[in-house]
Amino acid sequence: MDDLTRRLNAVALAPPTSHVKTGQNPRLVYVDGMNYSDRFFTVGDHWCFREARDNISKMVKHARESNIVLKVFLDAYIETDEAILKWRSRREKEVRDRIRNMPQAMNVLLGEMFTMAGVVVAYSVDADNDDTLASHAHHDRAAVMSRDKDFLRYNGSSYRIYEDFSYKHEYLHLIPRRSTYLRPEITKRDIHKPKPVVRSTDPGFVTLPDFYLRGSPSPLTRDCGNLHITVRSLRQAYYASLGIKTPVREEFPTYRTSDDDEGVVWLKENVLPSDEYNDLLKSPEKAYEHYFGTLVRPSGVSNRDWDNH
């Protein structure tokens, strides 16, 4: 059992009950999981797993009382050029504006929490998550829950779209999408057939051994550098443990300050596997002390940002 699972298990969650009320046909609702991360992690503390799990538990409980079967779809990786451009733009804004509103590896956290609550989780590994969710909902005669207008783009789609949810007494109230306007720059697409492949557990680092692309894990990347770069030698040991022999192309955003060239830049480097720090892979406490034991808090940084760094 890994450290994340142990920490999540330490937070009490009511055991799952039956999904379906006897004698009634359930409604299938396929949820764009990452689209609602702010409804689960809401207090600003990236490590407040208890609050997130309580919120997920409440949603699942009310769904069952309403005879709704949820299935949560999550990205295993960003597939399309369009999605990658959008993702890069958001990460650059986080670095530039010194913000990071969600914890690192949010898709894994949400997937673990929903799975522990008894909800089926589907990680999209064969296509963009929107394409995967739309195809599965269409072919399974399920509804879609997402705030993303991109779900309006699919030709011949049969699913109903809900854009949000609320609670009324013990029931989950689904709020239908009101606007059907699709921006001109969003191109129409056909529904995937057959349904794209999904996995029930996080597939891990699906881009290895070719490359490792990540964003800004901290609100202080602009001031303290990107933590992904700080712990690079630990990843080198991880690559070696996987038996990777060739360089891995890594890419992360950081902030460059100079008189004539200031702004967010993406640093690329080919990184060789190395077992030099293999002992740190087995001891999170030693790894923390090695990389962050002498970390100095910059002046003017809030307690919240420092705790989430």
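Colleague: How many residues does the largest nonpolar core have, and which have the most contacts inside it?

Modeller: A nonpolar core is a set of buried Ala, Val, Leu, Ile, Met, Phe, Trp, Tyr and Cys residues joined through side-chain atoms within 4.5 Å, where buried means under 20% relative accessible area with a 1.4 Å probe, counting protein chains only. Here the largest such core has 32 residues, and Phe40, Phe41, Phe114 and Met145 have the most contacts inside it. Helix H3 gives the largest share of this core, 6 residues. This is a predicted model, in which local features need pLDDT of at least 70 and side-chain atom pairs count only at pLDDT 80 or more, while totals for chains, interfaces and linings use all residues. Residues are numbered from 1 along each chain as its sequence is written, and side-chain values use heavy atoms, with hydrogens and water left out.

Colleague: Which residues does Phe114 touch, not counting those up to four places away in sequence?

Modeller: Contact means heavy atoms within 4.5 Å, and on that reading Phe114 touches Phe40, Ile56, Met59, Val60, Val72, Val119 and Val121. A second, separate core of 14 residues includes Tyr30, Phe73, Ala122 and Ala142.

Colleague: Is Glu250 buried or exposed?

Modeller: Glu250 is buried, because its relative accessible area is 0%.

Colleague: With which side chains does the side chain of Glu250 make a polar contact?

Modeller: A polar contact is a pair of N or O atoms within 3.5 Å; within protein, one must be able to donate a hydrogen and the other to accept it, and residues adjacent in sequence count only if both atoms are side-chain atoms. The side chain of Glu250 makes one with the side chain of Arg232 at 2.7 Å and another with that of Arg235 at 2.8 Å.

How values were computed. Buried < 20%, exposed > 50% of the residue type's maximum accessible area, 1.4 Å probe, protein only. Helix = DSSP H or I, 4+ residues; strand = E, 2+ residues; numbered from the N terminus.
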